[in-house]
Amino acid sequence: MSAAIGAGAAVPAVQDGTAPASYDDLVSRALAGKLGPAPRTLRIAVAFTTSQVVRHDGRRGGYRNEVLSLRLDRAVGSCAVEPGALSGAAVDDCVGTDVARLLEHPLPPVRVAALDAYLMHVTPHTPQNGALPRPLPAGSSLEKSRARAKAVVELLDVRPGQTVLVVGVVNSLLEALRSRGIPYITCDLKGGRTEWGEPVVTDALAELDRCDAVLASGMTLGNGSFEPLREHALHAGKQLVMFAQTGSAVLPRFLGAGVSAVCAEPYPFFWLDGGPGVIHRYGHGHGYTHGHGHGQRSGRPSGHRDGSTEAAL
């Protein structure tokens, strides 16, 4: 892995760098050509899925991951899906299709992956666009997962006794929170229990009043739960930190509009390679600005078992 892989090609500057009012507003801006080249002029060259099944020594449970990825020039956009939920025909439909059509596709994962690819093409994860690279050392998938978890949890700014709602159960993230003595509530659509026997709730929105901050997976973009989380964080003044393989180029757009910080991890993901890698952090004093250098600083300073999460190692 290298920082250059998945980076977008040079394209015209972003025309509208203001924070979107909602996810749908961001899509509308993209379709209107307000964020860069007209999406009807750009076609997806490659579409593929990546499937993973893991069970580590010393851990009680295993999990599955499946991710849809779309390649636009040098950029790759991704969206995690439930294993088996995406047909081969749906993947075939993406190849050779212009981005505008895919942004209106009936399947949410296709729409999210297309938007991610487009925004990665327009504004790749570079320091010029506000991203601070964080190297990941070579190692086993568990070692790299723990390194990523440390980088994610560092983005949280919570005081002693404050509780974090974790949406998308990732054992290494919970382990990192536990090591810092940070109380948490775990939520995942699959339910079940964590590696430490803690119950996993299934309705994140029902737990929002019990938490002081939210740490959420980019998978919330694909299942429709991102907007309610963002709106709550925005209106309640709570931190919302996103860790994103899904929509890694999408979520930084919402810094200062409900999202406090983002740990962005474009394809290829850390679990695909034992060598050194890189992730990209936005917010928490890392210098992201709306308009990618032309606006005001934004953002506050700042596995489940036998199921699918976003790299729930």
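**Group meeting: a predicted protein model**

The accessible surface of this protein comes to about 12,100 Å², and 50% of that area belongs to carbon and sulfur atoms. Residues are numbered from 1 along each chain as its sequence is written, and side-chain values use heavy atoms, with hydrogens and water left out.

Let me begin with the overall composition. Of the 313 residues in the protein, 59% are buried; here buried means under 20% relative accessible area, exposed means over 50%, and partly exposed lies in between, with a 1.4 Å probe and protein chains only. The secondary structure comes to eight helices and ten strands. Helices (H or I, at least four residues) and strands (E, at least two) are DSSP runs, numbered from the N terminus.

Which way do the side chains of strand β5, residues 164-167, point? V164 and V166 point one way, L165 and V167 point the other way, and all are buried. In a regular strand the side chains alternate between the two faces of the sheet.

Strand β5 pairs in the parallel sense with strand β6, residues 184-187, over four bridges; two strands pair if DSSP finds at least two bridges between them. Within this pairing, V166 has T186 of β6 as its bridge partner. Together, β5, helix α6 (residues 171-179) and β6 make a right-handed β-α-β unit. Right-handed is meant as follows: with the strands pointing away from the viewer, the path from the first strand over the helix to the second runs clockwise.

Strand β5 also pairs in the parallel sense with β7, residues 213-217, again over four bridges. Here V167 stands opposite A216 in β7. As for β7 itself, five of its five residues are buried. A213, L215 and S217 point one way from β7, whereas V214 and A216 point the other way. Five bridges join β7 to the parallel strand β8, residues 239-244, and L240 in β8 is the bridge partner of V214.

The next topic is the second largest pocket. Rolling a probe the size of a water molecule over the atoms shows where empty space is left. On a 1 Å grid over the protein atoms alone, with a 1.4 Å probe, a pocket is an open set of points with protein on both sides within 12 Å along at least five of seven lines, and lining residues have an atom within 4 Å of a point.

About 230 Å³ of space lies in this second largest pocket; grid points are joined across faces, edges and corners, and the volume is the space filled by probe spheres set on the points. Which of its 14 lining residues lie nearest the centre? They are Y23, D24, R111, L221 and G224. The helices α1 (23-31), α4 (108-122), α7 (219-223) and α8 (226-236) each supply at least two residues of the lining. The largest share, four residues, comes from α7.

By type, the lining divides into seven nonpolar, four polar and three charged residues. Ala, Val, Leu, Ile, Met, Phe, Trp, Tyr, Cys and Pro count as nonpolar, Asp, Glu, Lys and Arg as charged, and the others, Gly among them, as polar.

Two features of the backbone deserve attention. Most residues other than glycine have a negative phi, and most peptide bonds are trans. D73, however, has a positive phi of about 55° although it is not a glycine. This residue, D73, lies in the loop between β2 (63-72) and β3 (75-81), and at 44% relative accessibility D73 counts as partly exposed. The peptide bond from Y267 to P268 is cis, with omega near 5°, and P268 is found in the loop between β9 (261-264) and β10 (277-283).

I close with two individual residues. A151 and F243 are 92 residues apart in sequence and 9.8 Å apart in space, C-alpha to C-alpha. R101, in helix α3 (residues 99-103), is exposed, with a relative accessible area of 55%. The C-alpha atoms of R101 and R40, which are 61 residues apart along the chain, are separated by 7.4 Å.

Definitions and conventions
This is a predicted model: local features need pLDDT of at least 70, side-chain atom pairs count only at pLDDT 80 or more; totals for chains, interfaces and linings use all residues. Accessible areas come from the Shrake-Rupley method with a 1.4 Å probe; for residues, only the protein chains shown count as cover.
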